[in-house]
Amino acid sequence: MALFGGFLRFFRLGTPHSITFDETYYVKDAWSMMMTGEARNWPKAIDGIKIDTLFAQGQVYLYQSDAEYIVHPPFGKWLISIGLKLFGGATNPFAWRASSAIAGTIAILLICRVALHLFHNLTLAAMAGLLMSVDGVGITMSRIGILDIFIMVLVLGAFLCLLNHRDWALKRLEAAHERDVAIPGNVIRTVALKPRERQGEGGAYDSSGKPMVRLVVASSGPVVAFSWWRVGATVLLGLATGVKWSGTYFFAAFAVASVLWDGYNRRRVGYRRWFGALVAKDGLLAALYMVPLYIGTYFLDWLNWFIHPDSYMHNWAATHPGEGVTWLPEGLRSFVQYHITMWKFHTSLDSPHAYKANPLTWPLQTRPTSFYWQKVQGHPGLCSTQPGSQCVSAITSLGNPVLWWVATASLVLTLIIAIIVRRGDWRALAVWIGLVGGWMPWWMYLNRTTFTFYSIVILPWMILAVCYVLDWMRTNMSRFAYRWIAGGTMTVIVLVSAYFYPIWTAMPIPYDFWLQHMWLHSWI
């Protein structure tokens, strides 16, 4: 699946040979950072020619000596600079986007592992990888040199780490519980397993594999707050926040979910004092090292800002005595003031934009973002099929509409199945936690200028919602019915992706063919 999805991302990656959408900020910043250590200002035009045009023509050393005011942390731009370094530098458009394409391909591997971890079914894992491979938001965001794809792959990697921590902690709890049960007088009662636990979704088993009652012991169990998996997740989330501040919401949501899983497993294994342990042993102990590690990782993202004395606002404290957070050392005082200006920018950004999209509409993909749209001279590519039509080339960051609409319905069904049918299922929280961290926080900024392509960060969990419903169908329907439903859904989604692929990748197409893709007026 990764090879297939990688091909869709790397094929014609250097097209178009022009700065596209927000590449005007991030690619040029990444290049000047690689050359000088810090992002530099660029002139808007030289001799009446726009700087983006000159940059695309190979004049890539026109940056100025003064540092640029950037409104996002630098780590994402450093990732873009790696692609520039490895694939030919700023004169090669392929290099502008190479890191994004690599990140998008890695995400396919990660979603397969996550789905396999959650559902223990290779077919569902392959379906998850297929959906990630062919989705339009995933493809377009992997083929442009901007930041959001890096947030997605970093938080998805962190999520997989926390799933691994959950398994590690569960095994540790089960081993400790087995020892505690053997202590005379430790067992205070027995509890009959629920039907779903007897079916293998929880509970304990004897040596022959038959389910037995849960033995509740009068203790809280061992400490499972620390694991290297959780450390890895924290570092990845700190790096994600070093791309954009929205990584903070994922850190909060994932940390809480991980602690809840530990507490839930204590109760499920058979520890009576599970709730107190959830607070003291799981939550507080985890916070004692996760929060400092997360903050420290974020500070490392800014290391170059501290090293270079000419970085933006580096000397603000020296030139503004008595202002800002005065009890901090000058370097940190300037750093904090810089962050205050960034915060004011992000919270007050409400300027009109043609492709502004209300966050509530992201799952339905009702207002996609047009990254690129140009008329093409002649009739190359698919335009040769209609020589009498105007030829155009477009990149529209629009998710596969069938996938996103099915996924939106699946999110609702996931809650219904988990609460009413299965009467509690930790995997439902795993599905929804990506929406809690990546979508719901934006509800606080409904008046802010936002775009649908931000939804790339919730794409993995939209896919997991589809997989969750299919997993329920797999265990509650006949094999024939399940195969027809799952196979039919995948087939339709793949065919729709094949139909939309030209307008995701700037292929030359007849104007009428492009217009046929605009199913909704709001897509234009």
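User: Where in α19 does a kink lie?

Analyst: This is a predicted model, in which local features need pLDDT of at least 70, side-chain atom pairs count only at pLDDT 80 or more, and totals for chains, interfaces and linings use all residues. Residues are numbered from 1 along each chain as its sequence is written, and side-chain values use heavy atoms, with hydrogens and water left out. The kink, of about 35°, lies at Ala498, shortly before the proline Pro502; the bend is the angle between axes fitted to the seven residues ending at a residue and the seven starting there.

User: How do you know that the span of helix α19 agrees with its number of residues?

Analyst: The expected span is 1.5 Å times one less than the number of residues, so the 26 residues of α19 (residues 479-504) should span 38 Å, and the end C-alpha atoms, 35 Å apart, agree with this. Helices are DSSP runs (H or I, at least four residues), numbered from the N terminus.

User: Why is Phe500 called buried, and what is Tyr499 called?

Analyst: Buried means under 20% relative accessible area, exposed over 50%, and partly exposed in between (1.4 Å probe, protein chains only). Phe500 has 0%, so it counts as buried, whereas Tyr499, at 26%, counts as partly exposed.

User: What makes the pair of Tyr499 and Phe500 edge-to-face?

Analyst: Rings of Phe, Tyr and Trp (its six-membered ring) pair if their centres lie within 6.5 Å, and planes under 30 degrees apart count as stacked, over 60 as edge-to-face and the rest as tilted. Here the centres are 5.3 Å apart and the planes are at 90°, so the pair is edge-to-face.

Note on methods
Helices (H or I, at least four residues) and strands (E, at least two) are DSSP runs, numbered from the N terminus.
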